[in-house]
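Subject: Structure handover

Hi,

Here is the structure I promised, with my notes below it. Please read them with the model open.

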Amino acid sequence: MSAEGAVTLVEDDRDWNPSTKAGWFAMADAPPRSRPKSVRSEALAAMASRDRLVYDHARATWHANIGPIRTPGVDALFETLEELAGANRQDGEKVKPAVVLDALPGLGKTTAALAFGQAFHRAQIELYGPKVPATGDHWQRIPVVYLGLTSNTTMRSLNAMLCRFYGLPGADRGTADWLASRAAECVANCKTRLVIVDDVHFLDVNRRDGREVANHFKWLANTFPVTFFFVGVGLRARGLLDEGLSGADAAFSQTARRWSVASLDPFEIATKSGRATWRQLLLGIVREVVLANAYRGMIVRDLSDYLFARSSGHFASLMSLVARGCYRAVKTGAEVLSVELLDAVRIDQAAESARVHLHAALSAGLLPADTDRPRQEGAA
Ligand SMILES: Nc1ncnc2c1ncn2[C@@H]1O[C@H](COP(=O)(O)OP(=O)(O)OP(=O)(O)O)[C@@H](O)[C@H]1O
Ligand SMILES: [Mg+2]
């Protein structure tokens, strides 16, 4: 293939903050990135130096943003969320259940939550339009709110966060109650239907602050047709899910009964279905890698075990290894992924530590990574 059309510079920095209305809308309305065209090595060598710079820049951005890839875990989560958010149309006085995504760090919780939120946002606006007719089209429809909690989130800071999301002026002033009433007004007028609360593990239900925040969520869910989607690490272990464990008051304990709990697991290769999922994931990545010397079988056949050992089945580690590996392959001119090249790429410490053990297990044949390995794969 010629290099023609592969080298248009697009300044496509997407440094939005989804915890604000402006950032959320920018993200939700953004068109998908387009994949840089594949160029074979002869055409790459013939490129003018500026064209080459532009092309390599586009590839680095592309490789850093592969996905979201729909894995069976993500599909199951979407199904639960769709069902719940769709069915949560109860009248004001009725209880509305919430969904919780409780999983280990780096397994794609935030990515999946944002992807679902984005799809939900688009569907609601397509169905009902961008304005809220009941308010004389005065209010904008804001179907989804996304909040990332921080340590020491209090009732007041939570309400300020909500006000800030809606872009209300003076979100940093006023009492917790006043901020709450302004936030509630926005939830009602903007017809917000889904509130995603990320990093819920920062809530400490053994403290009054934490319980107040949890009760406020419950009040919002009961007062408005809002589905809460809580995302965090070790929520059950922290007593955020099970009543009793938390030692919380009766009002908070009620919350536990209304939560459906979903999880995302690390990838594994010890079972047949685990290996099939791992292979599917790698095939998803193969399609997105843009390297001039990529060849059929480069990833799924030749790097499957290696990538598993390096990432210990964690999405975050795998994707940063692939992105950095591709960057290195471009920079060194190798234009291909190999064990040798990837060995020089360092990723997060947790994955690096687990790598030693997994490599040993794979070499000793203790993990049947290649039992179901197919003979063919799609072109890389
Ligand atoms: N479905 C996916 N497709 C492609 N890449 C993904 C996917 N999910 C996660 N990743 C990669 O893993 C990285 C970490 O994902 P994410 O931040 O969603 O994990 P998390 O579970 O929220 O982590 P934490 O517990 O640290 O908040 C992402 O930046 C992305 O590179
Ligand atoms: Mg996260």
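E335 is partly exposed, because 17 other C-beta atoms lie within 10 Å. The cut-offs: a residue is buried with 20 or more other C-beta atoms within 10 Å of its own, exposed with 12 or fewer, and partly exposed in between, with C-beta atoms placed from the backbone. E335 sits in the loop between α12 and α13 (339–343). Its phi is positive, about 55 degrees, although E335 is not a glycine.

A word on conventions. This is a predicted model, in which local features need pLDDT of at least 70 and side-chain atom pairs count only at pLDDT 80 or more, while totals for chains, interfaces and linings use all residues. Residues are numbered from 1 along each chain as its sequence is written, and chains are lettered from A and ligands numbered from 1 in the order in which they are written.

Other backbone points

Most residues other than glycine have a negative phi, and most peptide bonds are trans. N152 also has a positive phi, near 60 degrees. N152 lies in the loop between β2 (144–148) and α6. N152 is exposed, because 12 other C-beta atoms lie within 10 Å. The peptide bond from G67 to P68 is cis, with omega near 0 degrees. P68 is in the loop between α3 and α4.

The chain overall

The chain has 14 helices and five strands. These are DSSP runs, numbered from the N terminus: helices are H or I with at least four residues, strands E with at least two. Of the 380 residues, 36% count as buried. Among contacts with a separation of 6 or more, 74% join residues 24 or more positions apart. Two residues are in contact if their C-beta atoms, placed from the backbone, lie within 7 Å.

P266 is in the loop between β5 (259–262) and α10 (272–286). P266 and G108 are 158 residues apart in sequence, yet 9.6 Å apart in space, C-alpha to C-alpha. Leaving out residues up to four places away in sequence, P266 touches L104, L107, S312, G313 and H314. P266 is partly exposed, because it has 17 C-beta neighbours inside 10 Å.

I69 is in the loop between α3 (49–64) and α4 (72–87). I69 and G108 are 39 residues apart in sequence and 9.9 Å apart in space, C-alpha to C-alpha. I69 is partly exposed, because 18 other C-beta atoms lie within 10 Å.

Regards
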